[in-house]
Amino acid sequence: MSVRLGVNVDHVATLRQSRRTTYPDPVAAATLAELAGADQITIHVREDRRHIQDRDLQILRRTVTTRLNLEMAATQEMVKLAYEHKPDVATLVPERREELTTEGGLDVVSSRDAIRRVVKTLHDAEIRVSLFIDPDLDQVKAAHRAEAEVVEFHTGRYCDARLASDRGRELSRLVDACKAASKLGLEVAAGHGLNYQNVGPVAQISEIEELNIGHSIVARAVLVGLERAVREMKGLLEKAGR
């Protein structure tokens, strides 16, 4: 069985917002991604609205036919947005205005009680909750205590490793975290920095049920089109199928 593919369409919106035009439309991109085999559409509504806008979320909630995963900061504003639009999954992520992209996982250990309150509020709206964390055993345990259903592991350190030895060490760390999360009854996902060259070993980890991939797919789509880019990634996940 192959891993589910969540396609993140944020960077379609990034291209649009760079000129403040109406195109390319991430809603249209999401439709094409689903037609090409995406199992989920992922978007991140940031506080500064640098790419995905509220209008995108509103329309995507009506048009996505698979699952809609809303990445969001654990703030009152974003909880209100989730309550209003009811994504299938809300993934709580850390967020800093000055970062180019998410730089690490959520620190659930140091803010478990606050995160647990947000998780409960989202559960009250019947929204499934995922926590985006580093592959760290203490963070896994804290996520379990916070009563999330899913953990999504930040794969950035694995993807950024230049030496094979470093990459192997980060992959082992990821494997250990996945096993620990699965034993605690958490659904396991992963993402960040995954591309057509490095996704295979991660997709082979038996506990991982879902990968969320955006930038590399959108970058590939610039050259070959979105449907082909999604199909190529789906093919790699199927090839790595356990």
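This is a predicted model: local features need pLDDT of at least 70, side-chain atom pairs count only at pLDDT 80 or more; totals for chains, interfaces and linings use all residues.
## Ground rules

Local features need pLDDT of at least 70 and side-chain atom pairs count only at pLDDT 80 or more, while totals for chains, interfaces and linings use all residues. Residues are numbered from 1 along each chain as its sequence is written, and side-chain values use heavy atoms, with hydrogens and water left out.

## α2 against α11

Helices here are DSSP runs (H or I, at least four residues), numbered from the N terminus. The axes of α2 and helix α11 (residues 226–239) come within 8 Å and cross at roughly 45 degrees; axes are lines fitted to C-alpha atoms over the stretch in contact, with angles from 0 to 180 degrees between N-to-C directions.

Ala29, Leu32, Ala33 and Leu35 of α2 touch Leu226, Glu227, Val230 and Arg231 of α11, where contact means heavy atoms within 4.5 Å.

## The second largest pocket

This pocket has a volume of about 160 Å³. A pocket is an open set of points on a 1 Å grid where a 1.4 Å probe fits, with protein on both sides within 12 Å along at least five of seven lines; lining residues have an atom within 4 Å of a point.

At least two lining residues come from each of α1 (10–17), α2 (26–35) and α10 (215–224). Among the lining residues are His11, Asp25, Ala29, Leu32 and Leu226.

## α4 against α5

Helix α4 (residues 76–85) packs on helix α5 (residues 112–124) at about 15 degrees, with axes 10 Å apart. That makes α4 roughly parallel to α5. Val79, Ala82 and Tyr83 in α4 meet Val118, Thr121, Leu122 and Asp124 in α5.

Terms used. Angles under 35 degrees count as roughly parallel, over 145 as roughly antiparallel, 65 to 115 as roughly perpendicular and the rest as oblique. Grid points are joined across faces, edges and corners, and a volume is the space filled by probe spheres set on the points.
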